[in-house]
Amino acid sequence: MNAMLETPELPAVFDGVKLAAVAAVLYVIVRCLNLKSPTAPPDLYFQDSGLSRFLLKSCPLLTKEYIPPLIWGKSGHMQTALYGKMGRVRSPHPYGHRKFITMSDGATSTFDLFEPLAEHCVGDDVTMVICPGIANHSEKQYIRTFVDYAQKNGYRCAVLNHLGALPNIELTSPRMFTYGCTWEFGAMVNYIKKAYPFTQLVVVGFSLGGNIVCKYLGEIQANQERVLCCVSVCQGYSALRAQETFMQWDQCRRFYNFLMADNMKKIILSHRQALFGDHVKKPQSLEDSDLSRLYTATSLMQIDDNVMRKFHGYTSLKEYYEEESCMRYLHRIYVPLMLVNAADDPLVHESLLTIPKSLSEKRENVMFVLPLHGGHLGFFEGSVLFPEPLTWMDKLVVEYANAICQWERSKLQCSDTEQVEAELE
């Protein structure tokens, strides 16, 4: 009799369990996709100066709310995954010419050159010299999208192909790209300066490329000649400080580390004969046993320690990371410098962001831009689900470059006016 009385209550219990399960799933989705996070303009760190006031007036994206796609765009992991897997949506195919440069050690460096498709906003000849992210090249979709947009805004573009990154270009010396080697980028810049003696340069680096371009500018003062400005997007500033965070599971960095290491292993092994062959004159510190350790490596640090540092003769991983990081060169950059990171970048730990913040507090030429969202080289925009082909990052870099060109033009006009007035007196 009691069992008969309790039976009608069972469906209500089951409905409660279903409701709890649905609520739990929704809670996980909201947390994982960070749906409760607000949208806001990026945080800006800079010194009050004539240049910074001009930039705030001339670059609306610096003060405008960045709105990522509603459903997934507030998740740094989703932004990063979409960039890593797909690059960009409906990516264009800009037409360029591939250039080859023979380096002093016999290595063959390549870069792709794209001519402007419109007149520049100030009518000048300006070339963007671009350094992509780790193991990337001019054929990557995010690079193609950015180059196409820059061309349509009147910029010539030169894009470095990292040594060993292009699958159809063989290595001609026992060396490939490393975290901070600036040789190939410097060779490309010198080529552009000689081929276009009246062009001015906008230096752009993405992720690892950001480290390389900042290190290049700070190494020698002459490297900043004819450079209008520099933009670095999503770099980590210090490999030595980043290595500890890359071994942590916080924000799944250890997993990303494994994925990037696996990709690096494939690239290195694809050049196995050029790097480890019997006929190759390898660096003295590079041994056959290093190849065996490469197969079992599960992190970038293991690969760097066993292989990459030895290309340049570093005696330890600590020395390699200290020498190859741009952090010790940033204070030597005197041209306008914009550093961009996303607060939700799963690859760049928040502790590393103290480096650009501190720099922007000391140097008038530096502006640090930190949007809440964007992930690692994502920065997709869109209304609900589907992203736009052009990203916030693409538009910001070109907008900043346009503003710097206008700033330089206005300074030149003021100088000419003062000179005329002085002659009249």
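**Exercise 1. What percentage of the 425 residues of the chain count as buried?**

Solution. The model is predicted: local features need pLDDT of at least 70 and side-chain atom pairs count only at pLDDT 80 or more, while totals for chains, interfaces and linings use all residues. Residues are numbered from 1 along each chain as its sequence is written, and side-chain values use heavy atoms, with hydrogens and water left out.

Step 1. A residue is buried under 20% relative accessible area, exposed over 50%, and partly exposed in between, with a 1.4 Å probe and protein chains only.
Step 2. By this criterion, 53% of the 425 residues are buried.
Step 3. The secondary structure consists of 15 helices and nine strands; these are DSSP runs numbered from the N terminus, helices being H or I of at least four residues and strands E of at least two.

**Exercise 2. Determine which residues of helix α4 are buried, and how they are arranged.**

Solution. Step 1. Helix α4 spans residues 76–86, and its buried residues are Gly-76, Gln-79, Thr-80 and Tyr-83.
Step 1. Viewed down the axis of α4, these buried residues fall within an arc of 95°, so they line one face of the helix. The arc is taken over the directions from the helix axis to the C-beta atoms.
Step 2. As background, an α-helix has 3.6 residues a turn, so residues three or four places apart point the same way.
Step 3. The cover over the buried residues of α4 includes α5 (141–152) and α9 (253–270).
Step 4. Just after α4, Gly-87 has a positive phi of about 80°.

**Exercise 3. Describe the aromatic pairs, with examples.**

Solution. Step 1. Rings of Phe, Tyr and Trp (its six-membered ring) pair if their centres lie within 6.5 Å; planes under 30 degrees apart are stacked, over 60 edge-to-face, and the rest tilted.
Step 1. The structure contains 13 aromatic pairs.
Step 2. One of them joins Phe-54 and Trp-407, a tilted pair at 5.4 Å centre to centre with 50° between the planes. Phe-54 belongs to helix α3 (residues 50–58) and Trp-407 to helix α15 (residues 392–424), so the pair ties together parts that are 353 residues apart in sequence.
Step 3. Tyr-320 and Tyr-321 also form a tilted pair, with 5.4 Å between centres and 40° between planes; Tyr-320 and Tyr-321 are both buried.

**Exercise 4. Locate Met-247 and list its contacts.**

Solution. Step 1. Met-247 is placed in the loop between α8 (239–246) and α9.
Step 1. With 39% relative accessibility, Met-247 is partly exposed.
Step 2. Contact means heavy atoms within 4.5 Å. Leaving aside residues up to four places away in sequence, Met-247 touches Arg-254, Asn-257, Ser-299 and Met-301.
Step 3. Met-247 and Met-301 are 54 residues apart in sequence, and their C-alpha atoms are 9.1 Å apart in space.
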